[in-house]
6 protein chains.
Amino acid sequence: MISPLEKAGILVEALPYIKKFSGKTIVIKYGGHAMLNADLKKAVMTDLVLMKFVGINPVVVHGGGPEITGMLHRLGIESQFVSGLRVTDAPTMEVVEMVLGKLNKEIVALINGLGGRSVGLSGKDANLIMANKKYSNDCQDIGFVGEVTGVNPQLLQTVIQEGYIPVVSPVGISTEGETYNINADTVASAIATALKADKLIILTDVEGILEDRQDKGTLISTVKMEDIPRLIERGVIQGGMIPKVECCMQAIQTGVATTHILDGRVPHSILLEVFTDKGIGTMVVSD
Amino acid sequence: MISPLEKAGILVEALPYIKKFSGKTIVIKYGGHAMLNADLKKAVMTDLVLMKFVGINPVVVHGGGPEITGMLHRLGIESQFVSGLRVTDAPTMEVVEMVLGKLNKEIVALINGLGGRSVGLSGKDANLIMANKKYSNDCQDIGFVGEVTGVNPQLLQTVIQEGYIPVVSPVGISTEGETYNINADTVASAIATALKADKLIILTDVEGILEDRQDKGTLISTVKMEDIPRLIERGVIQGGMIPKVECCMQAIQTGVATTHILDGRVPHSILLEVFTDKGIGTMVVSD
Amino acid sequence: MISPLEKAGILVEALPYIKKFSGKTIVIKYGGHAMLNADLKKAVMTDLVLMKFVGINPVVVHGGGPEITGMLHRLGIESQFVSGLRVTDAPTMEVVEMVLGKLNKEIVALINGLGGRSVGLSGKDANLIMANKKYSNDCQDIGFVGEVTGVNPQLLQTVIQEGYIPVVSPVGISTEGETYNINADTVASAIATALKADKLIILTDVEGILEDRQDKGTLISTVKMEDIPRLIERGVIQGGMIPKVECCMQAIQTGVATTHILDGRVPHSILLEVFTDKGIGTMVVSD
Amino acid sequence: MISPLEKAGILVEALPYIKKFSGKTIVIKYGGHAMLNADLKKAVMTDLVLMKFVGINPVVVHGGGPEITGMLHRLGIESQFVSGLRVTDAPTMEVVEMVLGKLNKEIVALINGLGGRSVGLSGKDANLIMANKKYSNDCQDIGFVGEVTGVNPQLLQTVIQEGYIPVVSPVGISTEGETYNINADTVASAIATALKADKLIILTDVEGILEDRQDKGTLISTVKMEDIPRLIERGVIQGGMIPKVECCMQAIQTGVATTHILDGRVPHSILLEVFTDKGIGTMVVSD
Amino acid sequence: MISPLEKAGILVEALPYIKKFSGKTIVIKYGGHAMLNADLKKAVMTDLVLMKFVGINPVVVHGGGPEITGMLHRLGIESQFVSGLRVTDAPTMEVVEMVLGKLNKEIVALINGLGGRSVGLSGKDANLIMANKKYSNDCQDIGFVGEVTGVNPQLLQTVIQEGYIPVVSPVGISTEGETYNINADTVASAIATALKADKLIILTDVEGILEDRQDKGTLISTVKMEDIPRLIERGVIQGGMIPKVECCMQAIQTGVATTHILDGRVPHSILLEVFTDKGIGTMVVSD
Amino acid sequence: MISPLEKAGILVEALPYIKKFSGKTIVIKYGGHAMLNADLKKAVMTDLVLMKFVGINPVVVHGGGPEITGMLHRLGIESQFVSGLRVTDAPTMEVVEMVLGKLNKEIVALINGLGGRSVGLSGKDANLIMANKKYSNDCQDIGFVGEVTGVNPQLLQTVIQEGYIPVVSPVGISTEGETYNINADTVASAIATALKADKLIILTDVEGILEDRQDKGTLISTVKMEDIPRLIERGVIQGGMIPKVECCMQAIQTGVATTHILDGRVPHSILLEVFTDKGIGTMVVSD
């Protein structure tokens with residue numbers, strides 16, 4: 001049972017954050033477990049709607065995950081691999097785009113159903129995400145996999161200003177009109193930069209960066225950019241966390257104030273990170 | 001060889017139309033042959049981009065056509081039929097939405113590639129198209145086929161005002177969150193009404209309404225609403241033309257000034273209809 | 001120890017209230033114990049500053065209390081009494097105005113010191129509070145005691161819009177230029193009406209309206225206007241509570257949505273009443 | 001007979017120019033044959049009205065021509081000549097101003113009669129054209145002949161923004177309040193500069209600059225500024241064309257993008273020059 | 001020698017009038033002696049410039065007077081008379097327009113020379129004064145003499161708002177494009193109505209309305225509309241004063257607050273009438 | 001008896017000043033005799049109201065004068081003296097603030113009663129006047145006497161723009177929240193600087209600076225800053241006039257255009273100084 005004074009304490013703690021982030025933009029990479037579990041989905045979307053209620057501007061960039069593989073399988077499209085990477089050939093790209101499009105509108109409908117006002121966009125809309133072909137590390141052709149070459153944020157800015165929560169598919173387009181599939185973390189980071197966002201939040205399926213991966217009590221709340229190389233060297237940051245941390249660094253170096261790696265498995269993790277002193281994940285900051 | 005005076009004559013003829021329609025909204029149902037042939041596609045999109053250049057606001061509603069059937073076939077989804085109508089069950093609806101989503105972004109990219117600025121939307125975005133379940137004429141359940149119950153035009157108005165050409169998929173959503181497939185002519189008509197559009201243009205694969213269907217020289221340039229029942233009775237308007245004419249009438253009765261049934265097989269038919277005295281198709285007007 | 005989920009729950013509960021009251025005006029009658037105790041003073045002012053942070057517009061009307069008596073005593077001004085009421089003669093009125101002026105600026109300085117931006121006003125500024133002479137119930141002359149005849153809210157609206165928290169002394173002026181001392185509850189109610197405030201909050205030194213005055217567990221959370229006469233008849237509302245409830249009724253009848261009688265002795269009682277489902281005092285509503 | 005496709009082609013060609021010049025200002029020196037023939041007058045004014053319709057801002061500077069001589073003759077005012085130039089003495093200046101004023105309002109009424117909205121101004125209005133006394137090349141006094149010393153474009157900008165087509169008489173005023181008659185080409189050039197116009201068009205009674213003056217097929221469509229001295233040297237540009245070309249050069253050097261010498265005897269020559277790829281006269285450009 | 005206190009008294013008297021008329025429009029019919037004498041001209045224009053300085057918007061309508069007759073004489077144009085009225089045939093109308101145009105720009109230049117900003121307009125500009133042919137009282141054709149059928153005040157409003165003092169020639173245009181000469185008092189009255197002016201001032205060559213025309217001490221300062229018929233009957237108002245009073249009545253009946261008949265022979269009569277309690281001429285008011 | 005022409009002359013003289021100062025801010029230090037005599041009070045307030053009427057923005061800073069001493073006496077508070085200066089201990093400061101507050105609202109009510117709209121502020125409102133402790137020249141502690149460290153003019157600017165005449169008490173607040181009494185001339189000078197005022201006017205009880213203090217005919221109308229040291233040296237400026245002149249110099253050096261030392265005993269001295277060529281006091285200018 002929470003006492004009135006405790007309640008008041010939480011409010012006194014939260015209200016300055018509401019003021020601080022009012023009118024600010026927060027880009028959220030939405031993916032992983034939080035995209036599969038119905039309760040978590042609803043909790044994430046509730047957080048977005050509530051933030052928008054109080055004047056904060058969330059922007060969602062979502063991944064595609066297992067549904068793409070499922071649809072490729074259903075259509076009997078077999079993937080080739082080059083240097084261990086799946087090649088996104090033209091038929092695959094078509095499936096990627098279709099599945100992302102469907103997921104995009106599902107998220108939009110979920111937000112709208114909770115009382116928010118959402119618009120789903122792909123990187124093709126208003127040339128939102130300009131892209132170029134990307135090659136594997138050993139320079140092999142892996143098909144229609146792209147990297148961001150530019151972001152045209154005007155449309156996003158317009159829909160944000162008009163009160164909508166934009167939801168973006170990580171599809172890009174080249175100046176020649178080719179469609180590319182792009183890593184969603186990277187897209188979120190580039191959009192955060194282009195929107196001069198205050199925060200980039202990447203939802204993951206881990207607690208954040210743990211000093212000792214076996215012990216959740218060793219969560220590192222704040223990491224300075226200058227300390228990251230050493231943490232990678234020491235193996236504290238490793239595997240799939242490395243590109244996520246690199247996305248954070250990229251965003252910070254191009255003007256985003258703070259970036260967060262949050263546990264998407266904790267309900268309302270976004271709200272707790274934004275509105276409480278302590279937060280719940282790992283925040284990556286410039287200094 | 002066109003003489004300077006003839007050129008000047010065409011300009012003197014066209015400029016007052018540019019003034020007349022400047023700032024006005026024109027909703028175009030895009031479908032049929034004009035959606036399959038690459039040259040016609042480009043001519044249609046060029047017309048849209050040029051109209052936008054001179055201050056007219058085109059809005060596109062597109063159909064899905066043969067690609068949906070193709071994808072259903074590839075996925076081995078067999079359609080059931082009730083009272084001769086294809087039943088849109090849940091797996092079919094999913095395919096419809098995915099294919100429409102892909103076509104939508106293709107149109108968007110084509111417009112953007114021609115120097116326009118386009119945004120693709122589905123009826124789910126910002127609850128643009130609210131829908132209810134529709135039954136067959138003999139009250140059979142035909143699945144996720146819907147009819148429009150309302151249009152929320154604010155998002156369209158915003159993107160139009162910001163200089164974009166909106167492209168809309170004919171997908172609706174119910175207040176319970178169900179997705180419905182809706183006839184694109186109907187959606188175009190409802191959107192024209194909601195936007196207080198000046199014109200509704202339906203691209204078809206015929207010349208317009210012909211007095212004698214065997215003789216293209218008998219094209220009826222203008223039809224008054226009051227004459228339509230008699231034309232249907234006489235068989236001049238028949239078959240697939242009837243629902244198209246009904247969409248026109250619906251739009252006119254709810255405030256759209258003029259509606260047009262144009263031959264989508266003629267390049268630049270939209271431009272010719274809007275900017276010349278004579279036009280090329282059939283215009284349906286109130287009186 | 002409050003769990004993250006409990007914290008999130010309080011935020012999920014509070015955020016819709018922030019949206020609901022954003023841009024709304026709340027008039028607070030500040031007096032009693034909350035004006036004497038340094039910690040309570042600071043808690044009240046913190047609540048005001050935080051509400052302003054999140055877009056709510058608090059307006060303070062304060063009383064004068066024991067300081068006036070103290071200063072009259074120091075100056076050797078002895079009060080006459082008529083029908084048991086203290087007569088506010090000219091020298092007394094001068095003291096009242098001086099003491100209220102000093103208290104007013106103290107409150108202003110306290111709010112400014114907490115990071116807010118406050119402006120202190122008297123009813124003479126911009127003819128904010130127009131007043132007439134008031135007589136005792138048995139029509140005796142009790143000097144410069146006034147009743148509100150009109151409120152000119154433009155200045156308040158200006159300073160509110162510019163981001164200030166106005167603090168108002170309950171001094172009025174007549175069209176003949178006479179200064180009057182007015183009951184602060186009445187002034188708060190009249191200002192709430194003139195500002196089309198959403199809420200009127202009266203801080204008192206009791207828990208609210210108790211069904212059984214001996215048992216704090218019998219607090220009545222919500223009272224409908226129609227039930228008030230019966231509650232007075234039954235003695236549940238009695239003594240000094242009656243004029244306070246009458247001020248609430250007056251405000252409701254002239255357009256204020258809800259009115260609250262709160263225990264000023266509970267720290268942050270305003271925040272708890274405004275931002276939680278349950279609240280802590282008695283809310284008087286129209287039906 | 002022009003085919004639909006040819007018509008469409010002309011529109012597809014013209015619309016980008018409409019976009020390009022939308023909101024831009026075009027200053028037209030109106031004089032010569034186009035000012036005497038009723039059909040040409042109407043064609044020129046139609047062009048101006050149509051350009052204004054589609055968002056382009058034409059500004060007219062007109063000459064006076066034979067009417068001034070006629071009126072001097074009627075009034076029995078005989079001109080003196082100095083170094084072969086007519087001396088504009090005070091009585092002559094009075095006649096010049098009166099005749100220009102009458103022509104000015106005739107043009108205004110003609111534009112208004114065609115559905116445009118026009119305002120006639122002299123250089124005295126709002127001190128639009130400031131002028132100083134000009135002397136003949138051999139420094140003889142030739143009376144009230146002036147040269148432009150400054151342009152105050154605010155009034156022109158105001159009437160343009162309000163949707164009017166301004167028509168300007170080439171009369172200037174000195175800081176001492178003296179009235180001066182000024183060459184209309186020079187005034188048009190100075191106004192084009194002051195308005196940061198996009199184009200200066202000088203209507204003449206020749207085809208443009210011809211490589212061989214006997215052969216209209218040798219029209220030079222585009223002349224670069226750097227080539228002009230050589231063309232003068234070669235005698236391709238000679239006589240009355242030289243000061244016109246100098247006005248163009250002056251305008252280009254002070255920020256006007258392009259200047260045109262058009263044949264005012266061709267109906268709608270302005271429209272053809274502005275809205276077609278090929279144009280019909282000689283365009284003088286910076287490089 | 002005026003004492004400081006007397007000076008202060010005049011200022012204390014004048015300042016409330018400045019407030020009262022700030023932003024208001026005053027239409028002045030300028031004619032008679034005040035248009036011939038150089039010192040009076042300058043005093044009138046100074047008054048206009050000073051009024052504009054302090055936020056009042058004067059509009060001038062001027063007559064033509066003796067200059068027209070002079071020019072007709074110089075050109076040897078002899079006037080015909082019908083029912084005792086001069087017939088304005090086409091050559092006469094041309095002279096009227098030219099002379100009015102010249103006078104118009106002279107006034108404009110005079111105002112500009114005194115530090116004001118003035119624009120001269122004819123009734124043809126922006127179709128400012130629409131007119132129809134007028135016949136003599138006994139229905140004889142008197143040529144191009146017109147009566148006002150409508151005023152399009154938008155252009156006047158624009159130039160007023162931009163800080164200019166408009167000066168208007170009493171020339172009107174019919175919907176068929178015919179030019180008409182109109183009585184300047186009538187034009188001033190019609191413009192005052194169209195501009196919703198606060199005052200109409202008619203400068204004359206008499207003191208105002210005198211009870212006894214032989215005795216200047218009998219000036220009637222204020223006349224109510226209802227008393228005018230009786231004053232005409234009694235011969236107090238007679239001759240040329242009758243149409244002037246009728247113009248005043250017309251203006252008052254269509255919304256102009258007050259109208260004034262002032263002695264144009266008194267320097268600064270406008271300033272004295274507008275800024276002092278007593279005024280100097282006759283004011284005609286509604287009641 | 002003043003003739004119409006003399007009246008007109010005064011108006012012609014005054015109107016350009018009205019234009020010149022329209023929209024400008026004039027800070028008036030109000031004190032001395034003009035604050036004690038009822039007629040002078042009313043004349044000063046009339047001047048302020050009239051200036052506001054015609055678009056000038058007066059701001060009043062008032063002193064406290066003899067009333068503070070009276071109240072200290074009544075309360076039996078005896079002042080200590082250090083180095084000949086009265087020490088403002090805490091009880092004294094409380095009295096100062098109360099008396100200034102009362103005088104402030106009296107001035108406000110007087111302006112409002114004359115048809116103006118006034119707001120009274122203390123330096124605590126919106127942290128208007130930030131202050132630090134000041135020591136005597138020989139570094140003795142003289143209590144809560146302060147010097148201005150900063151002015152936050154936003155609130156003043158807001159109320160000025162909304163049409164109010166602000167009246168300011170010379171009370172400042174430190175960043176630690178301590179209240180200080182500050183010399184009113186200094187406060188007026190600092191506010192004039194912060195508001196980028198056009199004029200600072202200090203009302204005194206002398207004629208201005210006299211070349212020979214025995215002879216009022218030797219008033220120096222204009223003093224240049226560079227001449228002041230010599231005038232002090234020669235004893236022309238001496239005693240209490242020195243700090244006033246220093247306040248003027250301070251204001252001029254920080255951007256105030258002109259400063260005036262006026263005789264507050266002359267009725268309407270402000271109006272005469274601002275609106276006549278000759279003025280009545282001493283103007284201190286930069287060069």
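Guide: The crossing of α1(B) and α1(D) is right-handed. This is a predicted model. Two packed helices are described by the angle between their axes and the distance between the axes. Here the angle is about 60°. The axes of α1(B) and α1(D) lie 10 Å apart. Angles of 65 to 115 degrees would count as roughly perpendicular, and those under 35 as roughly parallel. The pair α1(B) and α1(D) is therefore oblique.

Which residues make this contact? From α1(B) come B:Lys7, B:Ile10, B:Leu11, B:Ala14 and B:Ile18. From α1(D) come D:Lys7, D:Ile10, D:Leu11, D:Ala14 and D:Ile18. By class, the contact of α1(B) with α1(D) has 8 nonpolar residues and 2 charged ones. No polar residue takes part in that contact.

Now step back to the whole contact between the two chains. Chain B puts 27 residues into it, and chain D puts in 27 residues. Which of them gives the largest share? It is α1(B), with 13 residues. The side of chain B that touches chain D divides into 20 nonpolar, 4 polar and 3 charged residues.

Next, chain A and chain C. Their contact joins 27 residues of chain A with 27 residues of chain C. On the side of chain A that touches chain C, α1 (4-21), α2 (38-53) and α9 (269-275) of chain A each give at least two residues. The most come from α1(A), which gives 13 residues. By class, the side of chain A that touches chain C has 20 nonpolar, 4 polar and 3 charged residues.

Some chains stay apart. Chain A and chain D share no contact, and their closest C-alpha atoms are 19 Å apart. Chain C and chain D do not touch either. Between chain C and chain D, the nearest C-alpha atoms lie 33 Å apart.

Back to chain D, for its sheet. This open sheet has 8 strands, in the order β5-β8-β2-β1-β11-β13-β14-β12 (chain D). Its pairing is mixed. Where are the edges? The edge strands are β5 (118-122) and β12 (222-224) of chain D, and each pairs on one side only. From one strand to the next, the twist averages 20°.

Look at one pair of strands in that chain. Strand β13 (residues 258-263) and strand β14 (residues 282-285) of chain D pair in the antiparallel sense, over 3 bridges. D:Thr259 has D:Val284 of β14(D) as its bridge partner. A helix packs on the sheet too: α5 (residues 154-161) of chain D. Helix α5 of chain D touches β1 (25-30), β2 (57-62), β5 and β8 (165-169) of chain D. The direction of α5 makes about 150° with that of β8(D).

Last, the build of a single chain. Chain A has 9 helices and 14 strands. Its C-alpha trace spans about 60 × 45 × 35 Å along the principal axes. A compact globule of 287 residues would have a radius of gyration near 19 Å. Chain A has 19 Å, which agrees.

Technical notes:
Residues are numbered from 1 along each chain as its sequence is written. Chains are lettered from A and ligands numbered from 1 in the order in which they are written. This is a predicted model: local features need pLDDT of at least 70, side-chain atom pairs count only at pLDDT 80 or more; totals for chains, interfaces and linings use all residues. Two residues are in contact if their C-beta atoms, placed from the backbone, lie within 7 Å. Helices (H or I, at least four residues) and strands (E, at least two) are DSSP runs, numbered from the N terminus. Ala, Val, Leu, Ile, Met, Phe, Trp, Tyr, Cys and Pro count as nonpolar, Asp, Glu, Lys and Arg as charged, and the others, Gly among them, as polar. Two strands pair if DSSP finds at least two bridges between them. Axes are lines fitted to C-alpha atoms, for helices over the stretch in contact, and angles run from 0 to 180 degrees between N-to-C directions. Angles under 35 degrees count as roughly parallel, over 145 as roughly antiparallel, 65 to 115 as roughly perpendicular and the rest as oblique. A crossing is left-handed if the near helix is turned anticlockwise from the far one by less than a right angle, and right-handed if clockwise. The radius of gyration is taken over C-alpha atoms; the globule rule is 2.2 Å times the number of residues to the power 0.38.
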